[in-house]
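Let's take a walk through a protein model and look at how some of its charged side chains pair up. Keep the structure open as you read.

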Amino acid sequence: MTFRALRTFTVFTVTAAFTAGLCATASAAPAAQDTGRRMPGIAAAWARAWNGTDSRALGALFTADGTYTDEAVGVTFRGRGEISGWKARADSLIDHVRVTVRSTRLDGDRITVRAVYSGHLKGAPRPFAVPMTTELGLDAGHCRIASDRDHYSLAAVLAQSGLPAGWTPPAA
């Protein structure tokens, strides 16, 4: 086997294993189950993408026409490119942005994630750490996210950060 063929085989194998890991936990789980310490693969990948620095990693988890809604800010993004852009914007405005998953609940094609959303808004006197609930809607194969709805208190983020209630981030 040539080096190129071996490399292609390795990339294919790793990609297949990664995709299987994302799908295996979610698709094998019975309806309406608290997953406890066993987080569905796609939810774990979602948290890793938020905690990482590659904004494209978040977009890659979604279906081509997936949607991401941030209820606190009142915005919805459509498609992998816009979703990746949202993550890049968050990274540009919030130092050390992090999602710490506390629990997950799988119910059919939906995963409810309870987490702590934290970071430090650039220019704010203090960091924030607020409770967040995210609803992930999965595709038919439970391998990709079709929709994401984040729920947290923007008022709590601003108050903990030491910013006024009407504060808005600078234009991009």
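D95 has a relative accessible area of 32%, so this residue counts as partly exposed in the predicted model. Its partner is K122: the two form a salt bridge, with their closest N and O atoms 3.6 Å apart. Now look at where they sit. D95 belongs to strand β4 (residues 94-107), while K122 is in the loop between β5 (110-121) and β6 (128-138), so the bridge ties together parts that are 27 residues apart in sequence. K122 is partly exposed as well, at 43% relative accessibility.

Next stop: E71 and R149. Here the closest N and O atoms of the salt bridge are 2.2 Å apart. This pair links distant parts of the chain, with E71 in the loop between β2 (62-70) and β3 (75-78) and R149 in strand β7 (residues 145-151), 78 residues apart. E71 is partly exposed, with 32% relative accessibility, and R149 is partly exposed too, at 36%.

Finally, find helix α4 (residues 79-93). D91 and K87 are four residues apart in this helix, so about one helical turn separates them. Their side chains meet in a salt bridge, 2.7 Å from N to O.

Definitions and conventions: Residues are numbered from 1 along each chain as its sequence is written. This is a predicted model: local features need pLDDT of at least 70, side-chain atom pairs count only at pLDDT 80 or more; totals for chains, interfaces and linings use all residues. Side-chain values use heavy atoms; hydrogens and water are left out. A salt bridge is a side-chain nitrogen of Lys or Arg within 4 Å of a carboxyl oxygen of Asp or Glu. Helices (H or I, at least four residues) and strands (E, at least two) are DSSP runs, numbered from the N terminus. Buried means under 20% relative accessible area, exposed over 50%, partly exposed in between (1.4 Å probe, protein chains only).
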